[in-house]
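Subject: Handing over the model

Dear colleague,

Here is the structure you will be working with, together with its sequence. Please open it first, and then read the notes that follow it.

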Amino acid sequence: MFESLSDRLEGAFKSLKGEGRITELNIATTVKEIRRALVDADVNYKIAKEFTDKVKDKATGEKVINAISPSQLMVKIVKDELVELMGNEAASFNAKGAPAVILIAGLQGSGKTTFSGKLANYLKKQLRLSPILVAADVYRPAAMEQLRVLGEQIGVDVHLELENKNPVEIAQNAINEARSKNKNVVIIDTAGRLAIDEAMMTEVANIKAAVNPQEILFVVDSMTGQDAVNTAKAFNDRLDFSGVVLTKLDGDTRGGAALSIKYTVDKPIKFISSGEKMDTLDVFYPERMAQRILGMGDITTLVEKAQAQFDEEQAKKLEKKIRKNQFDFADFKQQLEQIKRMGNLKDLMAMIPGVGKAMKDIDISDDAFKGVEAIINSMTPFERANPDEIDGGRRKRIANGCGKDISEVNAFMKQFEQMREMMKMMNKMPMGRMMPGMKR
Ligand code: GDP
């Protein structure tokens, strides 16, 4: 995410490295580079200039205390300003109501339908609410079908009226359905157009007037940079929306939309979406985003993602097995699946400070585990549960089954054995001594 901007900013800070103190001259050079980096990331020039003027003012007033070098000081100032530019605190999201109504608006292709599904999934899983989805795009049967499929996938009801061409009526009927079914959130996916269009705006405004939503979320493709900001302005003028959703942050996004939208429409970004899988939706935190832009990683989000997939029962079972040296291929497979559910592997790694940059050019796809999974999939349940019984003959059959060379299967078996050896060793160590402060 925002790799090029991160690189450029790092370059700007580098010019201060080795400087003993902050001077007007070195501030000016650095600030100029920061401004160029922002403009190249598709941040509007006026915003970039105001941003760097503030950075300059702050830096000029600062004394460099002993422990902090000029470059560290500059990183701190820029980080604080980035956080402020993106809205400081995470914005609240109002899903209270009987039912709460969430209206989703945006251009066609921005990711509205995908986001609607993700939001329903998030509300259901993380907030334990019971949402229903409403297909109010009466012009595209395919969009209705897409929402129906998503709903099925995440186990959320979808309100569909294939013959009804009146989106206001559909929305109202859906709210009635929600009431009768005891659902507490109604998510209305409206129709978009390829460009700003008066009829589209009127239609969404009419739905808004009829259903009085708790939240109106404007969905925008972050890849569209300055255009995203202009579209946001047009939608906000008409709908006075409550928050922004930035999609496609998994793509090659430069950062302009994320950095300029709050400034331009004075509405917070509430969610970011980075992928087509239903669980790649995150609440937007300006602080975390600033850290990621500055290559500081985002451990908080990583831990939260891990916690969301954490199943206490399963973890206890696993611990017991490890303690008894019974960790087998079925457990291994389960662990891989848990990691995969956390999202795109490269994005996850990039949340570890320093790792994102180091891995920039390494191609890590979601297929990274495929080879290992294919090997485990070719094993019989007996083999998965009894790794020690897998002899030469069985290995050959497994290799044939997954289309791999026997040497690959052997190498994997060896790695697995080493892992088990390590677990055995850890079992023998008293935990207290291994990690200070940790007791059982
Ligand atoms: P809508 O027309 O606004 O409802 O947009 P869709 O939800 O149909 O999305 C348009 C296309 O973008 C589809 O192919 C989606 O799969 C894709 N898409 C949506 N959100 C994301 C995202 O966060 N990342 C990526 N890579 N693709 C996305």
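A residue is called buried here if 20 or more other C-beta atoms lie within 10 Å of its own, exposed if 12 or fewer do, and partly exposed in between, with the C-beta atoms placed from the backbone. Please bear in mind that this is a predicted model, in which local features need pLDDT of at least 70 and side-chain atom pairs count only at pLDDT 80 or more, while totals for chains, interfaces and linings use all residues. Residues are numbered from 1 along each chain as its sequence is written.

The chain as a whole

The chain holds 21 helices and eight strands, where helices (H or I, at least four residues) and strands (E, at least two) are DSSP runs numbered from the N terminus. Of its 440 residues, 37% are buried, and the C-alpha trace spans about 70 × 70 × 45 Å along its principal axes. Among the contacts with a separation of 6 or more, 73% are between residues 24 or more positions apart; two residues are in contact if their C-beta atoms, placed from the backbone, lie within 7 Å.

The sheet

The eight strands of the open sheet follow the order S3-S2-S4-S1-S5-S6-S7-S8, with mixed pairing, and two strands are said to pair if DSSP finds at least two bridges between them. Strand S3 (158-159) and strand S8 (281-283) are at the edges, and because each has a single partner strand, one side of each is left without a neighbour in the sheet. Helix H6 packs on this sheet, where it touches strand S2 (131-135), S3 and strand S4 (185-189), and its direction makes about 165° with that of S2; the axes behind this angle are lines fitted to C-alpha atoms, for helices over the stretch in contact, and angles run from 0 to 180 degrees between N-to-C directions.

Strand S5 (residues 215-221) runs parallel to strand S1 (residues 100-106), to which five bridges join it. Leu103 stands opposite Ile216 in S5, and Ile104 has Leu217 as its bridge partner there. Five bridges also join S5 to S6, again in parallel, with Phe218 partnered by Val244 in S6. Seven of the seven residues of S5 are buried, so this strand is largely enclosed by the rest of the structure.

Strand S6 (residues 243-247) is in turn joined by three bridges to S7, and the two run parallel. Val244 has Ile269 as its bridge partner in S7. Strand S7 (residues 269-273) is mostly covered, with five of its five residues buried.

The ligand and the annotated stretch

The ligand is surrounded by 19 residues, of which the closest are Gly111, Lys112, Thr113, Thr114 and Ser273; a residue is near a molecule if its C-beta atom, placed from the backbone, lies within 6 Å of it. Helix H5 (112-125) and helix H6 (141-154) are the elements that give two or more residues to this shell, and H5 gives the most, with three. The shell divides into one nonpolar, 14 polar and four charged residues, where Ala, Val, Leu, Ile, Met, Phe, Trp, Tyr, Cys and Pro count as nonpolar, Asp, Glu, Lys and Arg as charged, and the others, Gly among them, as polar.

An unreviewed UniProt entry carries the annotation "domain: SRP54-type proteins GTP-binding" over residues 268-281. Over that stretch the chain is 0% helix and 43% strand, and the end C-alpha atoms are 16 Å apart.

Loop residues to check

A cis peptide bond, with omega about -5°, joins Ala98 and Pro99, and Pro99 is placed in the loop between helix H4 (70-85) and S1. Asn182, in the loop between helix H7 (167-180) and S4, has a positive phi of about 60° although it is not a glycine. Asn212, in the loop between helix H8 (198-211) and S5, also has a positive phi, near 45°, and this residue counts as exposed because 10 other C-beta atoms lie within 10 Å.

Ile390 lies in the loop between helix H18 (381-385) and helix H19 (392-402), yet counts as buried, with 20 C-beta neighbours inside 10 Å.

With best wishes

Notes: UniProt positions renumbered as here; feature names shortened; annotations may be inferred.
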